[in-house]
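These notebook entries record what I looked up in one structure.

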Amino acid sequence: MSLDTISLSGKKKEVSNKKMTFWESLYLVAIFKGLMITIRHLFKRKVTIKYPEQKRPLSPVYRGQHMLKRDELGRENCTACGMCAVACPAEAITMKAAERKPDEKLLYREEKYAEIYEINMLRCIFCGLCEEACPKDAIYLTETKVMVPSASKREDFIFGKDKLVMPLTEAMKNRQNQVS
């Protein structure tokens, strides 16, 4: 068994070094084929859009920015169980749990809450696994068309609770919609 016949991938191909004909060596046929492809593309519809004026249609399964939910009384749903951080394939979620103090009953539902909850938007792949893993339905990916804003520093892409927690006014609106 020689080294010429061994192929680890099983995809070994024989290469022939046949001589080109005179017409092939002029490359006229290849140049003509390339020009025909170029001319064909000149008359096709353009796929670019004028971004600020036009926005491209988003998919029906679009997942927007993350949001930490509040319940109907305005308390945070997150209990810092860490299931979302474990489920995240990109390891974009970090959190630190803390015990609720007696005077914080109006802020948090359970005895344990997320003191620090951060999502690194540079790592996040918007897969929605954090949303599915959460037993308290505390995190979800919004359907708003708001994208992650651009920034020049990496620190600006780490979203803390200040950017993630649902605004209190929105939680109260949800409560009014449920009552109606």
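I first noted the scale for exposure: a residue is buried under 20% relative accessible area, exposed over 50%, and partly exposed in between. I also noted that the model is a predicted one.

Entry on cysteines. I searched the whole structure for disulfides and found 0. A disulfide requires two cysteine sulfur atoms within 2.5 Å.

I repeated the check for Cys88. Its sulfur has its closest cysteine sulfur in Cys127, at 6.0 Å, again too far for a bond. Cys88 has 12% relative accessibility and therefore counts as buried.

I traced an open sheet of 3 strands, in the order 2-3-5, with antiparallel pairing. Strand 2 and strand 5 are at the edges; each has a single partner strand, so one side of each has no neighbour in the sheet.

Entry on pairings. I recorded 7 bridges between strand 2 (residues 93-99) and strand 3 (residues 112-120), which pair in the antiparallel sense. Strand 3 also pairs with strand 5 (residues 158-159), over 2 bridges and in the antiparallel sense.

I then followed Ile119 of strand 3. Ile93 stands opposite Ile119, and in strand 5 the bridge partner of Ile119 is Phe159. I noted finally that Asn120 stands opposite Ile158 in strand 5.

Key:
Residues numbered from 1 in each chain as written. Predicted model: local features only at pLDDT ≥ 70, side-chain atom pairs only at ≥ 80, totals over all residues. Heavy atoms only, no water. Pairing = 2+ DSSP bridges. Helix = DSSP H or I, 4+ residues; strand = E, 2+ residues; numbered from the N terminus. Buried < 20%, exposed > 50% of the residue type's maximum accessible area, 1.4 Å probe, protein only.
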